[in-house]
Amino acid sequence: DAHAGGEPARVVVGGLPEVPGQSMAQKRAHLMQQHDDLRQLLLHEPRGYPCQNLDLVFPSALPEAAYGFVIAEQGAIYPMMSGHNAMCVATVLLETGMVASTAGDVKFALEAPAGIVEVSARVVTRVDEAPIVESVGFVFPT
């Protein structure tokens with residue numbers, strides 16, 4: 001479990017079922033349709049609570065991304081992107097050593113269902129400043 005500014009996220013980095021799909025958007029769609037029981041198991045009582053979020057970490061097929069993640073929330077909501085969830089995933093990956101870091105500024109990318117998220121964090125002995133995440137937003141003209 002992690003948090004960003006007090007906003008909780010349960011970050012799962014292993015023990016997940018095989019989820020088909022090349023992209024995190026495809027994995028998100030499969031999880032929504034075929035594995036919502038996983039979201040319920042980890043977010044509902046007795047393991048979760050009403051404010052809990054879930055981040056499922058997977059290998060990314062994109063060469064520029066260290067990992068990918070899919071977000072699940074209460075009420076069967078699977079957002080395409082969430083800044084606080086991205087910060088929690090980045091922190092867990094750094095603090096567990098899944099993303100290598102040395103003291104100083106660390107930059108890497110994650111794949112969210114919405115696309116690539118650029119991460120920048122400051123590491124001294126652990127993640128000392130919350131990772132900054134940047135993602136490209138866009139609007140389709142109408």
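Mentor: Helices (DSSP runs of H or I, at least four residues) and strands (runs of E, at least two) are numbered from the N terminus. This is a predicted model, in which local features need pLDDT of at least 70, side-chain atom pairs count only at pLDDT 80 or more, and totals for chains, interfaces and linings use all residues. Residues are numbered from 1 along each chain as its sequence is written, and side-chain values use heavy atoms, with hydrogens and water left out.

Trainee: In what order do the elements of the protein chain run from the N terminus on?

Mentor: Count the elements before ordering them. The chain has three helices and seven strands. From the N terminus on, they run β-β-α-α-β-β-α-β-β-β.

Trainee: What share of the residues of the protein chain count as buried?

Mentor: Buried means under 20% relative accessible area, exposed over 50%, and partly exposed in between, with a 1.4 Å probe on protein chains only. The chain has 142 residues. The buried share is 42%.

Trainee: What share of the contacts with a separation of 6 or more comes from residues 24 or more positions apart?

Mentor: A contact means heavy atoms within 4.5 Å. Take the contacts in the protein chain with a separation of 6 or more. Residues 24 or more positions apart account for 56%.

Trainee: In which sense do S2 and S3 pair?

Mentor: Two strands pair if DSSP finds at least two bridges between them. Strand S1 (residues 2–4) joins S2 over three bridges in the antiparallel sense. S2 and S3 also have three bridges, with arginine 10 partnered by leucine 54 of S3. Their sense is parallel.

Trainee: Which residue takes a positive phi in the hairpin of S1 and S2?

Mentor: The bridge partner of alanine 4 is glutamate 7 in S2. The hairpin has two residues between the strands. The one with a positive phi, near 60 degrees, is glycine 5.

Trainee: How many of the residues of S2 are buried?

Mentor: S2 has six residues and is mostly covered. The buried count is five.

Trainee: Why do the buried residues of H2 line one face of the helix?

Mentor: The buried residues of H2 (residues 36–43) are Asp36, Leu38, Arg39, Leu42 and Leu43. They line one face because, seen down the helix axis, they fall within a limited arc, taken from the directions from the axis to the C-beta atoms. An α-helix has 3.6 residues a turn, so residues three or four places apart point the same way. The arc for H2 is 155 degrees.

Trainee: With which side chain does aspartate 36 make a polar contact of 2.6 Å?

Mentor: Aspartate 36 lies in H2 and counts as buried at 16% relative accessibility. A polar contact is a pair of N or O atoms within 3.5 Å; within protein, one must be able to donate a hydrogen and the other to accept it, and residues adjacent in sequence count only if both atoms are side-chain atoms. The contact with the side chain of glutamine 40 is 2.9 Å. The contact of 2.6 Å is with arginine 39.

Trainee: Not counting residues up to four places away in sequence, which residues does aspartate 36 touch?

Mentor: Alanine 76, in the loop between S4 and helix H3 (83–95), is one of them. Alanine 76 has a positive phi of about 60 degrees although it is not a glycine, and is partly exposed with a relative accessible area of 42%.

Trainee: Is glutamine 52 buried or exposed?

Mentor: Glutamine 52 sits in the loop between H2 and S3. Its contacts beyond four places in sequence are Asp1, Pro8, Ala9, Arg10, Leu43 and Gln74. At 1% relative accessibility, glutamine 52 counts as buried.

Trainee: Is proline 50 buried or exposed?

Mentor: Proline 50 belongs to the loop between H2 and S3. Leaving aside neighbours within four places, proline 50 is in contact with Glu45 and Gln74. With 66% relative accessibility, proline 50 counts as exposed.

Trainee: What is omega for the peptide bond that joins glutamate 45 and proline 46?

Mentor: Proline 46 is also in the loop between H2 and S3. The bond is cis. Omega is about 10 degrees.

Trainee: How far from the ring centre of phenylalanine 58 does lysine 27 lie?

Mentor: A charge sits over a ring if NZ of Lys or CZ of Arg is within 6 Å of the ring centre and within 35 degrees of the ring normal. Lysine 27 lies over the face of phenylalanine 58. The distance is 5.4 Å.
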